[in-house]
Amino acid sequence: MFLMLGCALPIYNQYWPLFVLLFYILSPVPFCIAKRLVEDIDAMSNTCKELAIFLTASIVVSAFGLPVVFARAHLIEWGACALILTGNTVIFATTLGFFLVFGSNDYFSWQQW
C-alpha cells in the first residue's frame with residue numbers, strides 16, 4: 001500500500017518505484033532454491049546456506065537502495081522515497097515472518113499446504 005501511495009498520489013505521480021516489485025518477487029527465490037537442493041535446511045551445507053543468505057541480503061539491500069537512487073536522480077520526490085522505504089520494511093518483515101513461522105520442518109509447515 002505504501003508503494004502504491006508513493007507512486008499514485010497526485011503530488012508524486014511517478015511510477016518509477018514500481019521496479020521495486022521485481023525485488024519483492026526475487027527476494028525469497030535464493031532461499032527456496034537452497035531449500036529445494038537440500039531437504040533439511042538445518043543440516044544444509046554452509047556454502048549453500050551462506051550463498052542463499054548473501055543473495056537474499058543483496059536483493060533486499062538493492063530494494064532499499066533503488067528508491068534512494070531514484071530520489072537522488074530527481075526521478076521521484078523524497079516523500080515518495082520515504083513511503084516506498086516504509087513499504088519495503090513492511091513487505092520484507094512480512095516475508096521474514098512467513099519464513100520464520102512456516103520455514104521449519106515440523107508439522108506446522110507451509111510445504112504441507
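These are my notebook entries on a predicted model.

**Ground rules**

I number residues from 1 along each chain, as its sequence is written. Because this is a predicted model, I take local features only at pLDDT of at least 70 and side-chain atom pairs only at pLDDT 80 or more, while totals for chains, interfaces and linings use all residues, and side-chain values use heavy atoms, without hydrogens and water.

**Entry 1: overall make-up**

I looked up the secondary structure first. The chain has 5 helices and 0 strands. I take helices (H or I, at least four residues) and strands (E, at least two) as DSSP runs, numbered from the N terminus. The order from the N terminus is α-α-α-α-α.

Next I checked burial. Of the 113 residues in the chain, 29% are buried. The cut-offs are under 20% relative accessible area for buried, over 50% for exposed, and partly exposed in between (1.4 Å probe, protein chains only).

Then I looked up contacts, meaning heavy atoms within 4.5 Å. Among contacts with a separation of 6 or more, 57% come from residues 24 or more positions apart.

**Entry 2: α3 against α4**

How do the axes of α3 and α4 cross? The axes of α3 (residues 29-37) and α4 (residues 46-72) come within 8 Å and cross at roughly 165°. That makes α3 roughly antiparallel to α4. I note that axes are lines fitted to C-alpha atoms, for helices over the stretch in contact, with angles from 0 to 180 degrees between N-to-C directions. Angles under 35 degrees count as roughly parallel, over 145 as roughly antiparallel, 65 to 115 as roughly perpendicular, and the rest as oblique.

I listed the residues in this contact. From α3 they are Pro30, Phe31, Ala34 and Leu37; from α4 they are Cys48, Ala52, Leu55, Thr56 and Ile59. I count 8 nonpolar, 1 polar and no charged. Here Ala, Val, Leu, Ile, Met, Phe, Trp, Tyr, Cys and Pro are nonpolar, Asp, Glu, Lys and Arg are charged, and the others, Gly among them, are polar.

**Entry 3: α4 against α5**

On the α4 side I find Val60, Ala63, Phe64, Pro67, Val68, Ala71 and Arg72, which meet Trp78, Cys81, Ile84, Leu85, Asn88, Thr89 and Phe92 in α5. This contact divides into 11 nonpolar, 2 polar and 1 charged.

**Entry 4: aromatic rings**

I found 6 aromatic pairs. In one of them, the ring centres of tyrosine 24 and phenylalanine 92 are 5.6 Å apart and the planes stand at 80°, so the pair is edge-to-face. Rings of Phe, Tyr and Trp (its six-membered ring) pair if their centres lie within 6.5 Å; planes under 30 degrees apart are stacked, over 60 edge-to-face, the rest tilted.

Tyrosine 24 sits in α2 (residues 20-26) and phenylalanine 92 in α5 (residues 78-102), 68 residues apart. Both are buried. I also noted one aromatic cluster of Trp16, Phe19 and Phe70.

**Entry 5: positive phi and the start of the chain**

Which non-glycine residues did I note with positive phi? Asparagine 13 has about 50°, and histidine 74 has about 65°. Asparagine 13 lies in the loop between α1 (2-8) and α2 and is partly exposed at 46%. Histidine 74 lies in the loop between α4 and α5 and is exposed at 69%.

Last, I looked at methionine 1, in the segment before α1. Its relative accessible area is 79%, exposed. Methionine 1 and glycine 87 are 86 residues apart in sequence, yet 6.9 Å apart in space, C-alpha to C-alpha.
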